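Subject: Structure handover

Hello,

Here is the structure I said I would pass on. Please load it before reading further.

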Amino acid sequence: VVTVGLQSAQTHVIEDNLNPTWNCTLSLPLNNSHFGQDVEFSVWDKDFVRTTQGSDDFLGRLRLPMAKLLQKRAAELNQRLEDTSKGELHVKAWLEHETQGGYPSTPSAVWEFEVKAGFESFDPSSQKVLEDLYQASLAGGAPSVKIRSGSVEVWVDFRAMTQQVVGGTRTRPIRRRAIRQS
């Protein structure tokens, strides 16, 4: 079972197998309210005869912080299950943008950093990542994140609204400039 907030999806059941391979894709609709939460992958043993076997047995879980998924747009986990003494799970997770429903099709803000002559925009490919991570920080996610803007890795602190090139010493102000929707 994969859960984010109140959203969940479930794989098919594999019977009589101590090393199952599901090899399936599950999709969950997400919005900004999910950005500060974890994606939880839980594993259960399905009991088909409830009168003799009782309820389904919890076998363990993995948690993936949404902020980590937002930062890289994809994640692959191959880890021991939490809350149990044995078992491991291998999962791949990624984000897909939708033009209807989940993500807005047009940006609501432009992210910029200070230069001598005013402000300059972060690389276009990092704009959506910055906005998603900012929204995640507002929802309780990481207030400071590392992103790639063009060929440069940068630490961004949303609380202080500053950025610093990884390995550098200079901290620069950043700003989020809202775009008016027509």
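Below is what turned up, from the whole chain down to single residues.

**Overall**

Keep in mind that this is a predicted model. The protein chain holds three helices and twelve strands. Of its 182 residues, 30% are buried. The chain exposes about 11800 Å². Carbon and sulfur atoms supply 48% of that area. Take the contacts in the chain with a separation of 6 or more: residues 24 or more positions apart account for 44% of them.

β3 covers residues 38–45. Eight bridges pair β3 with β4, in the antiparallel sense. Within that pairing, Val-43 stands opposite Gly-60 of β4.

Ser-42 also belongs to β3. Is Ser-42 buried or exposed? Its relative accessibility is 9%, so Ser-42 counts as buried. The Ser-42 side chain makes a polar contact with the side chain of Trp-44, at 3.2 Å. Setting aside neighbours within four places in sequence, Ser-42 touches Val-1, Phe-58, Gly-60 and Arg-61.

**β5 and β6**

β5 (residues 74–80) and β6 run antiparallel and are joined by seven bridges. Glu-76 stands opposite Lys-92 in β6. β6 spans residues 88–94 and has two faces. Leu-89, Val-91 and Ala-93 form the covered face. Glu-88, His-90, Lys-92 and Trp-94 form the uncovered one.

**Salt bridges**

How many salt bridges does a search of the whole structure find? The count is nine.

Asp-83 and Arg-61 meet through their side chains, at 2.5 Å from N to O. Asp-83 lies in the loop between β5 and β6, while Arg-61 lies in strand β4, so the pair ties together parts 22 residues apart in sequence. Arg-61 has a relative accessibility of 18%. The cut-off for buried is under 20%, so Arg-61 falls on the buried side. Arg-61 and Asp-83 also sit in a network of salt bridges with Glu-40, Arg-63 and Glu-82.

Glu-112 forms a salt bridge with Arg-177, with the closest N and O atoms 3.1 Å apart. This pair links distant parts of the chain. Glu-112 is in strand β7 (residues 109–115) and Arg-177 is in strand β12 (residues 171–178), 65 residues apart. Glu-112 is buried, at a relative accessible area of 5%. Arg-177 is partly exposed, at 38% relative accessibility.

Arg-148 and Glu-153 form another salt bridge, the closest N and O atoms being 3.8 Å apart. Arg-148 is partly exposed, with a relative accessible area of 47%. Glu-153 is partly exposed too, with 29%.

**Arg-175**

Strand β12 also holds Arg-175. Arg-175 is partly exposed, at 34% relative accessibility. Which side chain does the side chain of Arg-175 meet in a polar contact? The partner is Glu-112, at 2.5 Å. Glu-112 is the residue that forms the salt bridge with Arg-177 described above.

Beyond neighbours within four places in sequence, Arg-175 is in contact with Val-110, Trp-111, Glu-112, Phe-119 and Met-161. Arg-175 and Met-161 are 14 residues apart in sequence. Their C-alpha atoms are 6.6 Å apart in space.

**Where to start**

One is Arg-61: buried at 18%, in a salt bridge with Asp-83, and in contact with Ser-42. The other is Glu-112: buried at 5%, in a salt bridge with Arg-177, and in polar contact with the side chain of Arg-175.

Best wishes

Conventions: Residues numbered from 1 in each chain as written. Predicted model: local features only at pLDDT ≥ 70, side-chain atom pairs only at ≥ 80, totals over all residues. Heavy atoms only, no water. Pairing = 2+ DSSP bridges. Helix = DSSP H or I, 4+ residues; strand = E, 2+ residues; numbered from the N terminus. Buried < 20%, exposed > 50% of the residue type's maximum accessible area, 1.4 Å probe, protein only. Contact = heavy atoms within 4.5 Å. Areas by Shrake-Rupley, 256 points an atom, 1.4 Å probe, with all protein chains shown as cover. Polar contact = N/O pair within 3.5 Å; in protein donor to acceptor, adjacent residues only side chain to side chain. Salt bridge = Lys/Arg side-chain N within 4 Å of Asp/Glu carboxyl O.
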